[in-house]
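Open the model in your viewer and keep the sequence panel beside it. The stops below are given in the order in which to select them.

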Amino acid sequence: MEPLARILLVEDDPRDVELTMTALGDHNLANEVVIAHDGEEALDYLYRRGKFEFRINQNPAVMLLDLKLPKIDGLEVLEKVKSDEKLKVIPVVVLTSSREERDMVASYKLGVNAYVVKPVDFHEFVNAIKELGVFWAIVNEPPPGSVRKR
Amino acid sequence: MGSKWQLKAPLSAILGYAFALIAVSLALGAALLAEHCNLRHLEFPLLLLPIILIAWYAGPRPAIVAVVLSSLALNYFFEPPFHSFYIAGSALPHWFAFILFGSLIIWFSAVRRRAEQKLRKARDQLELEVVKRTQQASLLNLTYDMIFVRDMDSVITYWNRGAEQLYGFTQQAALGKRSYDLLHTVFPVSRNAIEAEVMRSGRWEGELMHTKADGTKIVVLSRWSLQRDERGRPAAMLEINTDITGRKQREDQIRVLNEELAKRADELAVINKELEAFAYSTSHDLRAPLRHMVGYTELLHKHASRTLDEKGRHYMATILEAAKKMGTLIDDLLAFSRIGRAETRETNVSLEHLVTEVLSEMPTSDGGKIDWKIGKLPEVYGDRSMLKLALVNLISNAIKFSRTRSRPEIAIECVEKKNNRAVVFVKDNGVGFDMKYAHKLFGVFQRLHSTEAFEGTGIGLATVQRIIHRHGGKIWAESAVDNGATFYFSVPTNGS
């Protein structure tokens with residue numbers, strides 16, 4: 001049985017996953033996270049395909065999306081999600097190492113809800129993740145059809 | 001012509017009348033002598049003779065005078081009653097006949113003279129025309145262009161000196177030959193097509209290849225024009241050719257060079273793309289492991305700080321410090337590469353405002369002891385944010401390298417403003433540098449001071465130089481060890 005996942009984390013690097021989970025664990029959000037390791041898996045999850053075929057038909061409250069991903073990259077996932085009537089309501093936060101202006105511009109043009117550059121400094125990183133998790137998964141009221149707080 | 005006649009006319013008139021008087025007198029003398037010798041009836045022809053001469057040589061007016069004089073003389077001396085101007089009825093026909101003859105002579109000679117004058121005039125005009133034509137023909141010989149005329153069978157009928165010199169065929173060799181046989185003409189399209197075009201429009205222009213007498217091939221720009229006779233039938237073709245072999249060769253060279261240039265530009269574009277990809281992956285991939293190093297070190301610190309001794313904690317702190325420094329380096333390097341790639345948004349920028357803005361944003365760690373001297377600064381044309389970055393780097397360098405002074409002085413002034421260019425300097429009284437290393441100043445990662453003495457990544461001045469170069473300006477520095485440094489840069493003051 002899949003846990004109720006309020007946060008969909010799309011991240012290919014296991015170390016980044018671990019650090020992110022550590023940061024989220026401080027606010028007991030770790031068990032609300034489902035991880036997709038590439039763009040294809042993320043789309044599978046959202047469209048309930050493949051190994052996610054039998055999950056509950058509810059959207060995550062937020063998707064944390066890395067840009068540089070194997071198979072289907074983050075911008076493609078974003079484009080797909082934002083052009084889908086059912087999925088476009090999901091808040092998407094791009095969480096990336098890239099400070100490149102063109103990535104930022106492209107993301108905003110596709111309709112991203114927030115763009116966060118992963119800080120090198122660990123404390124800043126932890127703070128950023130915490131704030132993101134708390135805001136989108138707890139403070140923010142997600143659109144109808146999303147996984148609700150327990 | 002007019003002035004010549006104005007001077008001569010009165011004189012010749014007087015001479016004419018004098019000539020008439022003398023001739024009539026001589027004829028009268030001769031007639032009287034003849035009568036004295038009993039040679040009768042000679043007075044009539046003798047007196048007519050001077051009239052003929054006078055009419056012929058002196059013109060009609062003296063001739064009329066001569067007629068009057070001789071008729072009076074005839075009446076007085078030879079018509080009864082003698083020695084009287086009275087004239088007997090029987091002598092009247094004879095006398096009138098004389099006058100009639102005289103008048104006829106004058107009339108004939110006048111008509112003749114007029115005809116002769118007309119003829120002379122026509123001849124003069126013809127001569128002028130010939131001179132003019134000769135001049136024109138020799139003008140055609142002056143030009144370097146090859147000019148020839150050929151009839152409708154392409155047989156050459158005129159061949160100028162330019163053609164002689166450039167083609168190497170003399171006029172004798174060329175006249176009577178068909179032009180395309182003589183010059184082995186290579187036409188761009190078929191000759192029939194060209195001739196059809198000439199018949200239709202009267203002219204043609206194009207490039208031909210000709211072979212000179214010595215066998216070398218030349219490319220000529222050829223202009224043909226068709227000459228028609230008075231009934232509109234094609235009569236001849238004027239062909240003017242300019243040797244453009246040299247120009248063609250240069251054009252070919254330029255084209256080859258352009259192609260090479262385009263190739264190089266393409267290569268550069270590819271390299272640029274690669275560099276961009278490199279910078280992009282640097283931005284993403286280099287920072288990620290760094291973040292992991294820092295992250296896991298922190299986690300380790302949290303996890304094992306109690307079991308670590310002083311040395312262990314020092315090692316960990318050093319790892320963190322080094323990783324942070326690397327993070328700064330990567331960020332600086334990316335900012336530097338972005339300057340080369342970013343598009344500039346150029347506007348008029350007041351350097352004075354910009355300097356004020358930069359100073360207000362500077363951290364005031366100097367405790368207000370710096371003696372600032374900001375001169376009147378010009379308005380320049382450029383990308384505001386880039387120029388600001390350049391000023392931030394220059395000013396923070398000035399602050400950094402003069403902070404060891406008890407009384408740091410920093411001056412920013414404009415030294416020159418002409419030809420749409422302003423030269424501005426930032427001067428400090430800090431530690432300076434040895435001019436023999438000046439060439440290394442603006443290199444990436446080049447440092448002239450140890451990190452212990454003055455912190456920094458060695459990218460600041462490289463960034464400044466890149467910004468100034470992107471604005472089409474120059475940057476240079478003057479300094480001496482322990483004697484401060486002055487950084488000059490030039491920037492455009494308007495858009496052109």
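**Stop 1: colour by confidence**

This is a predicted model. For the complex, the predictor reports an ipTM of 0.76 together with a pTM of 0.50. Select chain B and colour by pLDDT: the average is 86, and 96% of the residues score at least 70. Which element of chain B has the lowest confidence, and which the highest? The lowest is helix α1 (residues 2–36) of chain B, with a mean of 75, while the highest is strand β12 (residues 485–492) of chain B, at 93. Now select residues 1–8 of chain B, where the pLDDT is below 50. This stretch makes zero contacts in the model beyond near neighbours in sequence. Where pLDDT is low, predicted coordinates should not be read in detail.

**Stop 2: chain A as a whole**

Chain A contains five helices and five strands. Following the sequence, the pattern of chain A reads β-α-β-α-β-α-β-α-β-α. Chain A has 150 residues, of which 43% count as buried. Taking the contacts in chain A with a separation of 6 or more, 68% are between residues 24 or more positions apart.

**Stop 3: α1 against α5 in chain A**

Select α1 (14–25) and α5 (122–139) of chain A. The two helices, α1(A) and α5(A), pack at an angle of about 65°, and their axes are 8 Å apart. The crossing of α1(A) past α5(A) is right-handed. Show side chains for the residues that meet. From α1(A) these are Leu19(A), Thr20(A), Ala23(A) and Leu24(A); from α5(A) they are Phe125(A), Val126(A), Ile129(A), Lys130(A) and Gly133(A). By class, this helix contact has six nonpolar, two polar and one charged residues.

**Stop 4: the contact between the chains**

Bring chain B back and select the contact between the chains. Chain A gives 15 residues to this contact and chain B gives 15 residues. On the side of chain A that touches chain B, the elements that give two or more residues are α1 and α5 of chain A. The largest share of that side, four residues, comes from α1(A). What is the make-up by class of the side of chain A that touches chain B? It has four nonpolar, three polar and eight charged residues.

**Stop 5: the five-stranded sheet of chain B**

Hide chain A and turn to the strands. In chain B, five strands form an open sheet in the order β2-β1-β5-β4-β3, with antiparallel pairing. At the edges are β2 (156–159) and β3 (203–211) of chain B; each has a single partner strand, so one side of each is left without a neighbour in the sheet. From one strand to the next, the twist averages 25°.

Zoom in on β3(B) and strand β4 (residues 217–228) of chain B, which run antiparallel and are joined by nine bridges. Within this pair, His210(B) stands opposite Ile218(B) in β4(B).

**Stop 6: Thr245(B)**

Stay with Ile218(B) and select Thr245(B), which is in contact with Ile218(B) and Val219(B), leaving aside its neighbours within four places in sequence. Thr245(B) lies in helix α9 (residues 245–304) of chain B. Is Thr245(B) buried, partly exposed or exposed? Thr245(B) counts as partly exposed because 14 other C-beta atoms lie within 10 Å.

**Stop 7: two positive phi angles**

Most residues other than glycine have a negative phi. Select His184(B), whose phi is near 50°, a positive value. His184(B) is in the loop between α7 (179–182) and α8 of chain B. With 12 C-beta neighbours inside 10 Å, His184(B) counts as exposed.

Then go to Asn419(B), in the loop between β9 (409–418) and β10 (421–428) of chain B. Phi of Asn419(B) is also positive, near 50°. Asn419(B) is exposed, with 9 other C-beta atoms within 10 Å.

Note on methods. Residues numbered from 1 in each chain as written. Chains lettered and ligands numbered in written order. Predicted model: local features only at pLDDT ≥ 70, side-chain atom pairs only at ≥ 80, totals over all residues. Contact = placed C-beta atoms within 7 Å. Nonpolar A, V, L, I, M, F, W, Y, C, P; charged D, E, K, R; others polar. Axes fitted to C-alpha atoms, helices over the stretch in contact; angles between N-to-C directions. Left-handed = near helix turned anticlockwise from the far one by under 90°. Pairing = 2+ DSSP bridges. pLDDT = per-residue confidence, 0-100. Buried ≥ 20, exposed ≤ 12 C-beta atoms within 10 Å, placed from the backbone.
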